Amino acid sequence: MKQNQCRELLYNVLVKTSNMEDMEKLLSSLCSESELDKMAQRLLVAKMFLEGAKYRDIVKETNASTATLAKIKYDLFYGKKGLINV
């Protein structure tokens, strides 16, 4: 299976997951605790940017690196905007 087919399978499974409990089970099966923590951190960073928080406040609150903040901010305002609905 090619990488794009694997991603399509992942996206389809995520879309079909209908409740929080099933999503938690699925993500816990697919990701390590560290990976889940990083994804959650990135969502919090996006939420804080959308609420107008400053870099220093986001770093203080989330412990995210400035590189992570830059990536999230770019995506929100210039990139694919995948986190805009956080």
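A residue is called buried under 20% relative accessible area, exposed over 50% and partly exposed in between (1.4 Å probe, protein chains only). The model is predicted, so local features need pLDDT of at least 70 and side-chain atom pairs count only at pLDDT 80 or more, while totals for chains, interfaces and linings use all residues. Residues are numbered from 1 along each chain as its sequence is written, and side-chain values use heavy atoms, with hydrogens and water left out.

**Salt bridges**

- The structure holds 2 salt bridges, each being a side-chain nitrogen of Lys or Arg within 4 Å of a carboxyl oxygen of Asp or Glu.
- Glu51 and Lys47 are joined through their side chains at 2.7 Å, N to O; Glu51 counts as exposed, at 55% relative accessibility, whereas Lys47, at 36%, counts as partly exposed.
- Glu21 and Lys25 form a salt bridge at 3.3 Å, N to O, and because they lie 4 residues apart in helix 2 (residues 20–30), about one helical turn separates them.
- Glu21 is exposed, with 51% relative accessibility.

**Positive surface patch**

- Arg7, Lys38, Arg42, Lys71 and Lys80 form a positive surface patch, a patch being made of residues with over 30% relative accessible area and no salt bridge, where like charges are joined within 9 Å and nonpolar side chains (Val, Leu, Ile, Met, Phe, Trp, Tyr) within 5 Å.
- Helices are DSSP runs (H or I, at least four residues), numbered from the N terminus.

Note on methods:
Accessible areas come from the Shrake-Rupley method with a 1.4 Å probe; for residues, only the protein chains shown count as cover. Lys and Arg count as positive and Asp and Glu as negative; His and the chain ends are not counted. The place of a charge is taken as NZ of Lys, CZ of Arg, CG of Asp or CD of Glu. Helices (H or I, at least four residues) and strands (E, at least two) are DSSP runs, numbered from the N terminus.
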